Amino acid sequence: MSQRPVLARGCVGGAALAGIVAFCAVMLTVIVTIGIWPGELKLTAPLLCSDTQPDAFVVADTYSIRPGETTTNFTMYCMGPRGDTTDVGFLRPAALLTAVHAVPVVLFLGALAARAARRTTRRTPGAPSAVTRG
Amino acid sequence: MRVARAGRRQVGVVAAAGVLLVATGCVGATSRADFTAEIRARGGGVTAALPAEVLDAVADDLGVDLAGLTVRSVTINPEANTARVEVRDPAVPANVDSYVWHNDSLDEPEPVRLSAGDDLDAAVFSPASVAFDDIEVMTDRALDEFGEPDGYVTTINVHRLQEQVTIAMSLQSARADGTARFTAAGELMSVERR
């Protein structure tokens, strides 16, 4: 039997798994960073702010686009002791946080996979099924 | 019965998540007004790095070094992290171009319309002769002399009037406006309240 289909299946499976992890990490970032705790962006300050501007701020700008509708943008700034600032934006710190959020996602999916594997092992072929569900 | 209880639990979880989102939304974020107030509380954001960065970028764009640069004015808005430099074109000395610095980069130069009576030779100066390196010391001195505890610098304008190059700092507080003037070497000439 050729190795190629197995390899291709492995690649497709790996890409699908990476996609699922990336999607879940992005969703987690959207929920946590935009919905609950925008200040989480400040955790990236050691990587994105220089030593001369060590204080990070996440600034919320709220606009009313049309009556009854508001939009809030979050922007991270680094500030120095004299009030000098650098606009870091939202995308770079959010991308870093997404990478960090991927860790719990991988752990969660790993735990689910381990649980499923344990169940499969318990139901080995030929062995009588321990649990029958209707 | 068990299904109904599980459904109720799911509804409860969703409701709790909704309450959490509404109650905790924007944790750790600062409003624009508070952010601006923080910049002002720290003096307005004046650093020696900004004029140095801007002038180096302009000189680079013109293909000259700082000593070869001739400008008509340098205006800095430290709070917005922007600057505008009116530069005499080294290739065509009768022309002046305006460079604007914002978002940490230089925009394309725009031509400046001059009046027939403008004496360009009497208005330009070399930015290398201005003590931009001491701008932080000058700021502290100006704010001390201004005497307002919540004072900050709004703009810095460097221009030449007659024979003298002057650094004019606009100062502001909740209750007063003022202007501090320094020589090109950074010596304080005056601090006036408007």
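Which residue stands opposite A:Ala56 in E2(A)? In the predicted model, that position is taken by A:Cys78. The two residues belong to a pairing in which strand E1 of chain A, residues 55-66, runs antiparallel to strand E2 of chain A, residues 69-79, through 11 bridges. E1(A) and E2(A) form a hairpin with 2 residues between them. Within this turn, A:Gly68 adopts a positive phi of about 85 degrees.

The pairing continues from E2(A) to strand E3 of chain A, residues 85-89, again in antiparallel orientation, with 4 bridges. Here A:Tyr77 has A:Asp87 as its bridge partner in E3(A). A hairpin is also formed by E2(A) and E3(A), with 5 residues between the strands. In this turn, A:Gly83 has a positive phi of about 90 degrees. In a regular strand, side chains alternate between the two faces of the sheet.

Positive phi values also occur in chain B, at residues other than glycine. For B:Asn81, phi is near 60 degrees. This residue is placed in the loop between strand E2 (71-77) and strand E3 (82-88) of chain B. B:Asn81 has a relative accessible area of 16% and is therefore classed as buried, the limit being under 20%. For B:Gln162, phi is near 55 degrees. The loop between strand E7 (152-161) and strand E8 (164-172) of chain B contains B:Gln162. Its relative accessibility is 65%, so B:Gln162 counts as exposed, the limit being over 50%.

In one of them, the side chains of B:Arg32 and A:Asp61 meet with an N to O distance of 2.7 Å. This pair joins two chains, because B:Arg32 lies in helix H2 (residues 32-41) of chain B, whereas A:Asp61 lies in strand E1 of chain A. B:Arg32 is partly exposed at 30% relative accessibility, while A:Asp61 is buried at 11%.

Within chain B, a salt bridge with an N to O distance of 2.9 Å connects the side chains of B:Glu86 and B:Arg72. The pair links distant parts of the chain, with B:Glu86 in strand E3 and B:Arg72 in strand E2 of chain B, 14 residues apart. B:Glu86 is buried, with a relative accessibility of 9%. A further salt bridge is formed by B:Arg88 and B:Asp121, whose closest N and O atoms are 2.8 Å apart. This pair likewise links distant parts of the chain: B:Arg88 is in strand E3 of chain B and B:Asp121 is in helix H4 (residues 120-123) of chain B, 33 residues apart. B:Arg88 is buried, with a relative accessible area of 18%, whereas B:Asp121 is exposed at 53% relative accessibility. Through salt bridges that share partners, B:Arg72, B:Arg84, B:Glu86 and B:Asp118 are joined into one network.

Charged patches are present on the surface. A positive patch consists of A:Arg115, A:Arg118, A:Arg119, A:Arg122 and A:Arg123. Of these residues, A:Arg123 lies in the segment after helix H3 (91-122) of chain A.

A patch of negative charge gathers A:Asp87 with B:Glu53, B:Asp56, B:Asp60, B:Asp61, B:Asp104, B:Asp107, B:Glu108 and B:Glu110. H3(B) supplies the largest share of this patch, 4 residues. A:Asp87, the bridge partner of A:Tyr77, is located in strand E3 of chain A. With a relative accessible area of 38%, A:Asp87 is partly exposed.

Helix H3 of chain B, which spans residues 49-62, also contains B:Ala49. This residue is partly exposed, at 47% relative accessibility. The C-alpha atoms of B:Ala49 and B:Glu136 are separated by 9.7 Å, although the two residues are 87 residues apart along the chain.

How values were computed:
Residues numbered from 1 in each chain as written. Chains lettered and ligands numbered in written order. Predicted model: local features only at pLDDT ≥ 70, side-chain atom pairs only at ≥ 80, totals over all residues. Heavy atoms only, no water. Patch = residues over 30% accessible without salt bridge, like charges linked within 9 Å, V, L, I, M, F, W, Y side chains within 5 Å. Areas by Shrake-Rupley, 256 points an atom, 1.4 Å probe, with all protein chains shown as cover. Salt bridge = Lys/Arg side-chain N within 4 Å of Asp/Glu carboxyl O. Lys, Arg positive; Asp, Glu negative; His and termini not counted. Charge placed at Lys NZ, Arg CZ, Asp CG, Glu CD. Buried < 20%, exposed > 50% of the residue type's maximum accessible area, 1.4 Å probe, protein only. Pairing = 2+ DSSP bridges.
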